[in-house]
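Subject: Structure handover

Hello,

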Amino acid sequence: MARDGIEVGKLEEKELKLSEDQVSHLALDIGGSLIKMVYFSSSSSCSSDDQKNGFLRDGTSTSSGNLDYRVLSGRLHFLKFETSKISECIKFISSKRLQHYGDQSDDAPASDKHVVKATGGGAFKFADLFKEKLGIILDKVDEMSSLVTGANFLLKAVHNEAFTYMDGVKDYVQIDHKDLYPYLLVNVGSGVSMIKVDGDNKFERVSGTSVGGGTFWGLGKLLTKCKSFDELLELSHQGNNRVIDMLVGDIYGGTGYSKIGLPSTTIASSFGKAISENKELEDYRAEDVARSLLRMISNNIGQIAYLNALRFGLKRIFFGGFFIRGHEYTMDTISVAVHFWSNGEAKALFLRHEGFLGALGAFMSYEKKGFTHTAHQFTEQHSSVAKSPPFCTGDGFESSTHADVKDNGCIEFRVQVRN
């Protein structure tokens, strides 16, 4: 559901309202094109039975009467806004009073007590704006570190988070926590960062490209007059890139170049037919232009990602960032590119909460302030309560997910709060 630049997904409006006694923490990832928001809203404290079942860590016995933590159950909510419409983001935060539930800065003046975790370049660019409009201080969290922390959390804690998509078939991938590392994380935002992840807090940005989601949106806006990223994606769904792209078959008279393994349908030159045809931009359908543009950028990202995986001997490549947005054609194009260049030896894997890695990582940094006491080691258990779905537990952090949760849905969540 889109409303005022906000996508709330499956959440009802009543689920977003917070009462004064609810604990809520907000984290932001402010990028060049989009603002991603994650916040926690509590529904209740954990039951005494849950506490007896070991949901508190730090060695404190729940029966001793000397609890250092209480456990809250609730939800993690995921929302996004266009950065160009940052006023809508600020309006939403204010309407839900989310700015009143951040960290408390002891050394700040009384008027500057509320601190919100934020990552991305916009955390620096818009710091004064958030302070002026909401009275909050943006506590900057390193961008690369946030991306990796968010990805590791999802891969360890959320059931059926990762999946492959190729030839119209979506297959969920079960992640062995003991065999997760190393992997390549490809974050496709306005640009693209490629990060080799070797463990918790062990990572290195090994490559990147300026041709990413911002390129698709920027060129698409100029070429098709679309007003939003989602409109451009929808337009591409209706297009035919072969009208504009020059294929191998166009060069070889309808046949492929079999000697080097290139079928006739392989793209030899993106937008290549526009060279030889006596046409202007207005003579092409906007749908076909959008399709060709999406295909060009997705192919490029997939190829560069595989080359970096090959460079470091990595077989697993996870793609995140809001460029993909669960768009089937985008995922299929990236998957085909990785499969083609690796001769089928590597696979592209996608994440259901792909666009919120940075915001989730920033949210997880609240643990250092006592909101959560989370170590990033999780083992899957099954609740003895019939109504409860399977959940992941570990070191005082619990998470369970709905089977049909989407990237802009919510995650059922348990968190420790220091008393």
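This is a predicted model: local features need pLDDT of at least 70, side-chain atom pairs count only at pLDDT 80 or more; totals for chains, interfaces and linings use all residues.

Residues are numbered from 1 along each chain as its sequence is written, and side-chain values use heavy atoms, with hydrogens and water left out.

Helix 5

Helices (H or I, at least four residues) and strands (E, at least two) are DSSP runs, numbered from the N terminus. Helix 5 covers residues 143-157, and its end C-alpha atoms are 21 Å apart. That agrees with the span of 21 Å that its 15 residues should have at 1.5 Å a residue; the expected span is 1.5 Å times one less than the number of residues. Of those 15 residues, 13 are buried (under 20% relative accessible area; exposed is over 50% and partly exposed in between, with a 1.4 Å probe and protein chains only). At the start of the helix, a side-chain oxygen of Asp142 comes to within 3.3 Å of the backbone nitrogen of Met144.

Aromatic rings

Rings of Phe, Tyr and Trp (its six-membered ring) pair if their centres lie within 6.5 Å; planes under 30 degrees apart are stacked, over 60 edge-to-face, and the rest tilted. The count by this rule is 15 aromatic pairs. One of them is the tilted pair of Phe163 and Phe350, with 6.0 Å between centres and 40° between planes. Phe163 is in strand 9 (residues 162-166) and Phe350 in strand 17 (residues 347-351), so this pair links parts of the chain 187 residues apart. Both Phe163 and Phe350 are buried. Trp217 and Phe229 form an edge-to-face pair, at 5.6 Å centre to centre and 80° between the planes. Here Trp217 belongs to helix 6 (residues 213-224) and Phe229 to helix 7 (residues 229-237), 12 residues apart. Trp217 counts as buried because its relative accessibility is 14%, and Phe229 does so at 4%. Ring pairs also join Phe163, Tyr172, Phe319 and Phe350 into a cluster.

A charge sits over a ring if NZ of Lys or CZ of Arg is within 6 Å of the ring centre and within 35 degrees of the ring normal. Lys80 lies over the face of Phe322, 5.7 Å from the ring centre. Lys140 lies over the face of Phe124, also at 5.7 Å.

Salt bridges

A salt bridge is a side-chain nitrogen of Lys or Arg within 4 Å of a carboxyl oxygen of Asp or Glu. There are nine by this rule. In one of them, the closest N and O atoms of Asp139 and Lys117 are 2.7 Å apart. Asp139 lies in strand 8 (residues 136-140) and Lys117 in strand 7 (residues 114-119), so the bridge ties together parts 22 residues apart in sequence. Asp139 is partly exposed at 26% relative accessibility, whereas Lys117 is buried at 6%.

Lys156 is buried at 4% relative accessibility, and Asp200 is partly exposed at 23%. Finally, salt bridges link Lys80, Asp230 and Arg325 in a network.

Regards

Methods:
A polar contact is a pair of N or O atoms within 3.5 Å; within protein, one must be able to donate a hydrogen and the other to accept it, and residues adjacent in sequence count only if both atoms are side-chain atoms.
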